[in-house]
Each structure stands twice: as C-alpha cells, then as structure tokens.
Amino acid sequence: MKFPKKVRICEVGPRDGFQSVVQWIETSDKIEVVKRLFEAGVDLMEVTSFVSPKAIPQMQDAAEVVQSLKGTPYIGKAFALVPNKKGADRAVENGINRLAVVISASEAHNMSNVRKTPAQSLKELSEIRKAYPQIHIKLSLATAFGCPFEGEVPMERVQEVVDGAVTLGIHDICLCDTIGVAVPTQVSRIVAELKLNHPQIDWSLHLHNTRGLAAANTVAALEEGIDRFETAAGGLGGCPFAPGASGNMATEDMVYLLDELGIVTGVNVNKVIAATEFMTSRTGCSGDSKINSVTIHKIFQGRGAV
Ligand code: COA
Ligand code: ZN
C-alpha cells in the first residue's frame, strides 16, 4: 500500500459538531474550544457558519467567534461555512479569508438544507466567487456518497456540481459523506474517477461514522492519494437537515490512525483529547470517539506514537 507521507487535517467540530447541538453553548466556550484545537496542531478549521439563525440558532454568534481570532495566526487558517451570498458577505465583513460553500449533489438534500436546487446554489457560488476574488473558496459537496431522501446519488449529479465549481475556478473540493453511508469500494471508485477527470483539484474527504466505516473509508481514500481530511473533535457532528446523520470521524481517531500508519499530521493526539474533554466538561456535548473512550496513555506508552 502506498500512502501519502503527510496528511492535512481540517477540524470541523466547531461548525459541524456544534451545529448539531440544540442546547445553547456559550460563545466563550466555543472560542476556547477553537483555540485549544488550533493549539493541538490542526492545519485548518471550520470555526463556525454564517447561516440563517432561524435555520441553526446555535450559529448565531458566528461573528463573535471569528472576531475573537483577529490578530492571532489562526484567522488565516479559519474557514466559515456559508450557504449563500448573504452568508459570504457576513463572513468576509467579520474577517474570514476562507469560505466553505455548501452544495449537495442531490437535489432533495440541497432543497432541505439551503432551499435551492444545486443549479441555483452554483449560481450563488458564482456570485460569491465574483464578489470576493481574493478569498479562498472550498466547495463542500454534501451527499456525495448518498442522500437521506434520494438514496443513491448518481455519479452524474456529483460530476455536475464538481464541473460547475471547476468552471468557476474553484480548486478546493471536499467530498462529504453527509450521512455516513459510503463504503471503501465506493470511495475508491468515486475518488479515482474524479481525480482522473480533475487532477488539478485539491480533493479532501469529510466522513461521518454513522455505520462505523469512516476509518475503513479513510484507508481507501489514502490508497487513492487523498491527503486531506475533515474531522470533528470528539466525533461530534451531523447535519440537522439530514435525517439519520450522526457524528463525524473523530479527529483523535483519525490522528491515531494516521500516527499508527506513520503518516505525519502535525497534530498532537493528546492535545485533541484534552480539547475534547474540555469541550465535554463545559458544554455537555459528547460524540463517538473510540480513542477517547480507552485508557489512551497506557496504549501509547512505549509505542512512540504520540
Ligand atoms: N445568514 C443570516 N441570515 C440569512 C442568511 C445568512 N446566510 N441567508 C438568509 N438570511 C435571512 C434573510 O435575510 C431573511 O431574513 P428576514 O426574514 O429577517 O428578512 C431570512 O433569512 C430568509 O431569507 P431567504 O433568502 O428567503 O432564506 P431561506 O428562508 O430560503 O433560507 C438559508 C435559506 C440558506 C438562509 C437557510 O436555509 C440556511 O441558513 N441554511 C443553512 C443550513 C445549514 O447550516 N445546514 C448545515 C450545514 S451543511
Ligand atoms: Zn458533516
């Protein structure tokens, strides 16, 4: 097996994780979690989302979260997820340099999530691209491996959104398994096909562990040369507009896996665990992290993995 030597982790817990929590989390606690996770060494982070506060009340303090990073090195590494031009305007006004624009491959999920068809969302993406040529834009391609409403998503639907984004000059595309239905053979097939058609794109994967296959899917993606993953501390996460969605692949589980495979991430697994423990103690939020639930220090002692 030939794996990449280095993998970049984009932490999405403060966005994908917190958006799935109904009970209000204090802004100061959100900010502290963001800082602790940056300190753990993640390359990038989705720190919040500028969405309608009616759609997701938990994200109504997005501006404060972003502003807390001003003057720190972290602001340059911070993404905000946005569903439309209005969200992009709010994010950029508050100092964001990196936007994650979410569009689903399946029409039913895109309608449920952002109330637009994928074609309408691509038009919105085009307006955002035009308005902010200097800003880094990532396409977060939701339901790329299956839809909670439509089931199988034909490859043509995935390809259409990818092609639309590529035409607009987007180079950063994340394939999201929004409801955790992907299997390794499918990951290999889809990644290989997309990489063949668009070798210039910086591809990444965002895996939910709903059916326990996120680690297996990670290995399949690594074999196809994927070297960027989005994960959430503590395995929190899930789209409130995707029935049945549960937590992301936990950052600590991903880092543990990559450490053990000899792949460099620059992330300190113990610091991620400490950040997750802080998050759980302050917010009551907990997701599904395997590594966090074992006596980790005993496991790591003498193995040189930390
Ligand atoms: N941020 C804040 N407010 C927004 C907004 C944004 N990005 N986009 C729209 N709004 C406001 C409008 O100003 C308007 O406000 P008003 O009622 O005070 O006039 C209201 O929301 C309705 O605007 P409209 O354009 O008709 O939006 P909508 O009701 O069709 O909802 C979205 C569309 C995209 C705003 C909403 O579905 C949304 O925020 N979805 C995000 C879902 C999400 O976060 N999913 C998880 C992440 S993948
Ligand atoms: Zn997600």
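Q: Let's start with ligand 1: how many residues surround ligand 1?
A: Welcome to this predicted model. Among the residues around ligand 1, the closest are Ser52, Asn84, Lys86, Arg90 and Asn113. Counting every residue that surrounds ligand 1 gives 20.

Q: Which residue has a polar side-chain atom 2.9 Å from a nitrogen atom of ligand 1?
A: Let's go through some of the contacts in turn. Phe50 uses a backbone N or O atom, 3.1 Å from a nitrogen atom of ligand 1. Lys54 has a side-chain N or O atom 3.1 Å from an oxygen atom of the ligand. The polar side-chain atom 2.9 Å from a nitrogen atom of ligand 1 belongs to Asn84.

Q: Which residues are the protein donors of the zinc ion (ligand 2)?
A: The spacing of the donor residues in sequence is D-x189-H-x1-H. The donors lie 2.0 to 2.2 Å from the zinc ion, through an OD atom of the aspartate and the NE2 atoms of the histidines. By name they are Asp16, His206 and His208.

Q: How many residues apart in sequence are the parts that Asp16 and His206 tie together?
A: Asp16 lies in helix α1 (residues 13–17), and His206 lies in strand β7 (residues 202–207). Because the two sit in these elements, the pair ties together parts whose separation in sequence is 190 residues.

Q: Are Asp16 and His206 buried or exposed?
A: Buried here means under 20% relative accessible area. Both Asp16 and His206 are classed as buried.

Q: Which aromatic residues form the stacked pair?
A: The count of aromatic pairs comes to one. Its rings are 4.5 Å apart centre to centre, with 5° between the planes, and the partners are Phe38 and Tyr74.

Q: Why does the pair of Phe38 and Tyr74 tie together parts that are apart in sequence?
A: Both residues are buried. Phe38 lies in helix α2 (residues 27–39), while Tyr74 lies in the loop between α3 (62–67) and β3 (78–82), so the parts tied together are apart in sequence by 36 residues.

Q: Over the ring of which residue does the charged end of Arg36 sit?
A: Two charges over rings can be looked up here. The charged end of Lys138 sits over the ring of Phe79, 4.2 Å from its centre. For Arg36, the charged end is 4.0 Å from the ring centre of Phe278.

Q: How many residues of helix α10 (residues 251–260) are buried?
A: The buried residues include Thr251, Met254 and Leu258. What covers the buried residues of α10 includes β1 (8–11), α9 (214–223), β8 (228–231) and α11 (269–283). Helix α10 is mostly covered, and of its 10 residues the buried number is seven.

Definitions and conventions:
Residues are numbered from 1 along each chain as its sequence is written. Chains are lettered from A and ligands numbered from 1 in the order in which they are written. This is a predicted model: local features need pLDDT of at least 70, side-chain atom pairs count only at pLDDT 80 or more; totals for chains, interfaces and linings use all residues. Side-chain values use heavy atoms; hydrogens and water are left out. Donors are N, O and S atoms within 2.8 Å of the metal (3.2 Å for Na, K and Ca); water is not among the atoms, so sites may look incomplete. Helices (H or I, at least four residues) and strands (E, at least two) are DSSP runs, numbered from the N terminus. Buried means under 20% relative accessible area, exposed over 50%, partly exposed in between (1.4 Å probe, protein chains only). Contact means heavy atoms within 4.5 Å. Rings of Phe, Tyr and Trp (its six-membered ring) pair if their centres lie within 6.5 Å; planes under 30 degrees apart count as stacked, over 60 as edge-to-face and the rest as tilted. A charge sits over a ring if NZ of Lys or CZ of Arg is within 6 Å of the ring centre and within 35 degrees of the ring normal. A residue is near a molecule or strand if one of its heavy atoms lies within 4 Å of it. A polar contact is a pair of N or O atoms within 3.5 Å; within protein, one must be able to donate a hydrogen and the other to accept it, and residues adjacent in sequence count only if both atoms are side-chain atoms.
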